[in-house]
Amino acid sequence: MTAAATPFAAARTAAAAPAARTRLAVGVAFDLVRTLAPLRHGQRDPTIRFGRREVLLGIRTPGGPATLRLLHVGGELFAEAWGVGAEAAIGHAARLAGLDDRPERLIPRHPVVAELARTFPGVRLPWSGRPFDALVPAILEQKVTGSEAFLAWRRLVLRYGEPAPGHPGLMLPPEPRLLAALPYHAFHPLGIERRRAEAIRRVAGLAERLLGADADGAARMLRLVPGIGPWTLAEVRRVAFGDADAVSVGDYHIPHLVSWLLAGEPRGSDARMFELLEPYRGQRGRVQRLFELSGRFPPRRGPRMAPRDIASI
């Protein structure tokens with residue numbers, strides 16, 4: 001396919017010609033933006049950009065850095081990539097976009113689940129294949145507000161990442177070896193206290209071994225790392241490995257959301273959440289994702305957690 005023949009041609013301005021491209025058949029019910037939304041960590045995440053039907057992201061592949069651009073038009077997904085890792089990025093595009101996912105395996109047994117499955121038929125679970133890239137944002141989101149975590153991620157990328165190939169302003173996540181070698185005091189000005197900084201440094205030392213692991217192998221390695229618990233493992237399994245059964249244990253909001261939508265109970269515990277999700281075993285993470293997309297939240301009790309300014313402490 002020539003550059004002029006791709007749907008990207010009219011939109012390409014500052015970007016150089018891609019090093020690799022492909023086109024993939026997708027079902028009519030396919031929602032690229034909502035599928036890849038879990039890869040974005042805050043509206044100002046420097047590593048990813050979203051359009052109406054398009055996603056642009058800077059990634060590190062086994063072949064080297066790359067920028068991957070995906071566009072959904074009709075029944076096709078068009079992919080272009082830049083950088084020395086372009087071929088690797090293109091080769092993984094289908095799995096990243098959730099084309100190997102099987103949302104039809106979810107059998108709704110509750111009217112709310114049935115309604116949400118009809119409302120969001122094109123949402124898949126992504127499979128990034130990059131557990132380390134999922135780990136760092138997940139660690140940053142441990143026991144803090146979303147705004148704190150997103151700001152820390154943005155600061156970390158802008159300080160220790162590097163420009164993504166082919167697209168000015170887009171960034172690559174920091175190299176694992178660089179993060180593993182950083183002293184704690186390098187993290188503090190970014191709003192990351194010692195506990196999370198040490199967890200990032202530890203998992204950065206495992207990055208190469210994690211890259212070749214499957215979901216269970218990665219979980220076995222990460223369970224031995226101080227600072228990595230069930231919540232972080234679930235976040236990684238769902239994003240890096242497309243695990244449709246991974247549920248956010250210990251989350252501040254999800255047990256309440258599940259209890260509210262499945263039982264009309266405004267407050268819930270992890271135990272109650274798993275009790276209500278038991279009919280969906282094997283697809284519990286997919287149900288969680290649909291609930292997150294629903295926009296329906298239980299009534300709040302008490303004030304929200306206030307963000308902190310760790311960098312000023």
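Reply: Strand 3 (54-61), strand 4 (64-73), helix 5 (131-140), helix 7 (176-181) and helix 10 (207-211) each give at least two residues to the lining of the second largest pocket. Helices (H or I, at least four residues) and strands (E, at least two) are DSSP runs, numbered from the N terminus. Keep in mind that this is a predicted model: local features need pLDDT of at least 70, side-chain atom pairs count only at pLDDT 80 or more, and totals for chains, interfaces and linings use all residues. Residues are numbered from 1 along each chain as its sequence is written, and side-chain values use heavy atoms, with hydrogens and water left out.

By class, that lining has eight nonpolar, three polar and six charged residues. Here Ala, Val, Leu, Ile, Met, Phe, Trp, Tyr, Cys and Pro count as nonpolar, Asp, Glu, Lys and Arg as charged, and the others, Gly among them, as polar.

Now for Pro173, in the loop between strand 7 (171-172) and helix 7. Pro173 is buried, at 7% relative accessibility (buried is under 20% relative accessible area, exposed over 50%, partly exposed in between, with a 1.4 Å probe and protein chains only). Beyond its neighbours within four places in sequence, Pro173 contacts Thr47, Gly58, Arg60, Asp133, Trp153 and Gly161, where contact means heavy atoms within 4.5 Å.

Lys143 sits in the loop between helix 5 and helix 6 (146-160). Lys143 is exposed, at 73% relative accessible area, and has a positive phi of about 55 degrees despite not being a glycine.
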